[in-house]
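Hi,

Here is the structure I promised to pass on.

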Amino acid sequence: TPSPTPPPMPTKSPLQSDEGFSVEVAIPKQSSKSVAGNSNAWFALIVGDSSVDIAYGVDEETLEDTPGWLETSALPGDEGTCVIFGHRNRKHLKILKDVKLGETITIKYEGVDYSYLIESISILENEEQLTIPATTGKHIIISTCYPFHYSGSAPQKYVLWGTL
């Protein structure tokens with residue numbers, strides 16, 4: 001069953017920060033284009049010679065098949081923070097397991113490559129520790145369960161932070 005269709009036109013939606021203020025973000029219309037032949041793909045995450053498709057949305061059904069882009073976050077290349085969530089297994093975000101600080105990852109969106117410099121990699125004890133800061137600049141956060149090689153439900157969260 002396909003995931004719910006996003007709003008047809010960009011709308012404003014508040015994103016609450018830990019500091020108690022709201023940030024207005026545009027929610028774009030989902031493109032009908034596909035990436036690498038995958039009709040669920042909205043853009044691609046490229047790490048070295050590997051690539052993984054990223055879908056529109058982060059609902060459970062979407063994340064069963066592919067990592068997803070948080071609809072209330074910035075688009076790749078736009079001002080703000082682009083947020084991607086996904087599983088560490090199922091060939092989703094396992095491609096991040098060997099990345100290092102100072103390397104770059106690339107997002108291919110609408111035919112344009114956006115390269116982000118990896119500035120931090122954090123391991124959180126639980127998902128309640130994950131926050132999305134309201135910042136200036138063009139950033140990316142990618143989060144998945146950790147450790148990458150773990151049988152069952154992994155207890156920690158891997159969080160990559162990068163700047164365009």
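Before the charged pairs, the cut-off: a salt bridge here is a side-chain nitrogen of Lys or Arg within 4 Å of a carboxyl oxygen of Asp or Glu. By that rule the structure has 2 salt bridges. In one of them, Asp113 and Lys108 meet through their side chains, at 3.1 Å from N to O. The other joins Asp98 to Lys97, with 2.9 Å between the closest N and O atoms.

Some housekeeping: this is a predicted model, so local features need pLDDT of at least 70 and side-chain atom pairs count only at pLDDT 80 or more, while totals for chains, interfaces and linings use all residues. Residues are numbered from 1 along each chain as its sequence is written, and side-chain values use heavy atoms, with hydrogens and water left out.

How open are the salt-bridge residues? For this I call a residue buried under 20% relative accessible area, exposed over 50% and partly exposed in between (1.4 Å probe, protein chains only). Asp113 is partly exposed at 47%, Lys108 is partly exposed at 35%, and Lys97 is partly exposed at 36%.

On to the rings. I paired rings of Phe, Tyr and Trp (its six-membered ring) if their centres lie within 6.5 Å, calling planes under 30 degrees apart stacked, over 60 edge-to-face and the rest tilted. That gives 6 aromatic pairs. Take Trp42 and Tyr56: their ring centres are 4.8 Å apart and the planes sit at 75 degrees, so this pair is edge-to-face. Trp42 belongs to strand E3 (residues 41–47) and Tyr56 to strand E4 (residues 50–56), so the pair ties together parts 14 residues apart in sequence.

What about disulfides, meaning a pair of cysteine sulfur atoms within 2.5 Å? A search of the whole structure turns up 0. As for individual cysteines, Cys82 is buried at 0% relative accessibility and Cys145 is buried at 15%.

One last stop is Pro133, in the loop between strand E8 (112–124) and strand E9 (138–146). Pro133 is partly exposed, at 35%. Beyond its neighbours within four places in sequence, Pro133 is in contact (heavy atoms within 4.5 Å) with Thr81, Ile141 and Trp161. Thr81 is 52 residues away along the chain, yet its C-alpha atom and that of Pro133 are 8.1 Å apart.

Cheers

Terms used
Helices (H or I, at least four residues) and strands (E, at least two) are DSSP runs, numbered from the N terminus. A disulfide is a pair of cysteine sulfur atoms within 2.5 Å.
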